[in-house]
Amino acid sequence: ELDPTSINHATVANALIFLGKTDDAVAYLQKRIEEDPTFLLYRVRLGEAFIEKKMFARAAGELDLLDSTEVSKERLMAMRARVFALMGKTSEARRLLKELDELMQTSRDLGGSIAIALISLGDDDAALTRLERLVASRGDLMGFLFSRRVWIKLHDHPRYQAVLRTLNLLD
């Protein structure tokens, strides 16, 4: 049975990451993992914190720990693609993104997570196209909404502004 406080702890960690307090987020998540090693979202958030700290090998290690768990294969692939892109392993990142495109024909749309990997590859236009498609299809925006820091460089881009207006997140 899921303890609702686990979700709250993951939300606190997410807020710390958002605020740029990644050292605090890492310490907080490591303590939470000691208390409840079965709550997988802690490891996902820890991987995200390591990405923010540019500790890509550690982020990849956290993702490896999630391989045979309930975390969706597609979400892990999108996160790995992002890590590979940030490590400069662009061919591996693009290979995973291609596999994801094929998988998404029969599974749920992870456009927000894929867009984040595309931004990490430096392909801003493709990321914006993916985001626009996701919004138009009313897809799962969680990967977009909870990845805020990644999008900072595009805040002034007219296409990004249009997406925010479509979502009523901009005056």
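Which residue just after H8 takes a positive phi? Arg-138 does, with a phi of about 55°. The legends below describe a predicted model, in which local features need pLDDT of at least 70, side-chain atom pairs count only at pLDDT 80 or more, and totals for chains, interfaces and linings use all residues. Residues are numbered from 1 along each chain as its sequence is written, and side-chain values use heavy atoms, with hydrogens and water left out.

**View 1. Overview of the helical protein.** The protein has 10 helices and zero strands, where helices (H or I, at least four residues) and strands (E, at least two) are DSSP runs numbered from the N terminus. From the N terminus on, the order of elements is α-α-α-α-α-α-α-α-α-α. Of the 171 residues, 43% count as buried; buried means under 20% relative accessible area, exposed over 50%, and partly exposed in between (1.4 Å probe, protein chains only). Among contacts (heavy atoms within 4.5 Å) with a separation of 6 or more, 55% come from residues 24 or more positions apart.

**View 2. Helix H2 and its buried side.** H2 consists of 14 residues and reaches 20 Å from its first C-alpha to its last, close to the 20 Å expected at 1.5 Å a residue; the expected span is 1.5 Å times one less than the number of residues. Thr-22, Ala-25, Val-26, Leu-29, Arg-32 and Ile-33 are the buried residues of H2. They cover an arc of only 130° around the axis, which puts them on the same side of H2. The arc is that of the directions from the helix axis to the C-beta atoms. Asp-23 and Glu-34 are exposed on the other side of H2. An α-helix has 3.6 residues a turn, so residues three or four places apart point the same way.

**View 3. Packing of H2 against H3.** Helix H2 (residues 22–35) and helix H3 (residues 40–52) pack at an angle of about 155°, with their axes 9 Å apart. That makes H2 roughly antiparallel to H3. Axes are lines fitted to C-alpha atoms, for helices over the stretch in contact, and angles run from 0 to 180 degrees between N-to-C directions. Angles under 35 degrees count as roughly parallel, over 145 as roughly antiparallel, 65 to 115 as roughly perpendicular and the rest as oblique. H2 passes H3 in a left-handed crossing, a term used if the near helix is turned anticlockwise from the far one by less than a right angle, with right-handed used if clockwise. Residues of H2 in the contact include Ala-25, Leu-29 and Ile-33, and those of H3 include Tyr-42, Leu-46 and Phe-50.

**View 4. Surroundings of Arg-45.** Arg-45 lies in helix H3 and is buried, with a relative accessible area of 12%. Not counting residues up to four places away in sequence, Arg-45 touches Ala-10, Asn-14, Ile-17 and Leu-29.

**View 5. Packing of H3 against H4.** The axes of H3 and H4 come within 7 Å and cross at roughly 165°. The two helices are therefore roughly antiparallel to each other, and H3 passes H4 in a left-handed crossing. Arg-43, Leu-46, Gly-47, Phe-50 and Ile-51 of H3 make the contact with Phe-56, Arg-58, Ala-59, Glu-62 and Leu-65 of H4. Gly-61, also placed in helix H4 (residues 56–65), is partly exposed, with a relative accessible area of 28%. The C-alpha atoms of Gly-61 and Phe-50 are separated by 9.9 Å, and the two residues are 11 apart along the chain.

**View 6. Leu-118 in helix H7.** Leu-118 has its place in helix H7 (residues 111–120) and counts as buried at 9% relative accessibility. Leu-118 touches Leu-97, Asp-123, Ala-126, Ala-127 and Arg-130, not counting residues up to four places away in sequence. Leu-118 and Leu-97 are 21 residues apart in sequence and 8.5 Å apart in space, C-alpha to C-alpha.

View 7. H8 (residues 124–136) has Ala-127, Leu-128, Arg-130, Leu-131, Leu-134 and Val-135 as its buried residues. Seen down the axis of H8, these fall within an arc of 160°, so they line one face of the helix. Arg-133 and Ala-136 are exposed on the other side of H8. H8 and helix H10 (residues 158–166) pack at an angle of about 15°, with their axes 10 Å apart. That makes H8 roughly parallel to H10, and their crossing is left-handed. Among the residues that meet are Leu-128 and Val-135 in H8, and Tyr-160 and Val-163 in H10.
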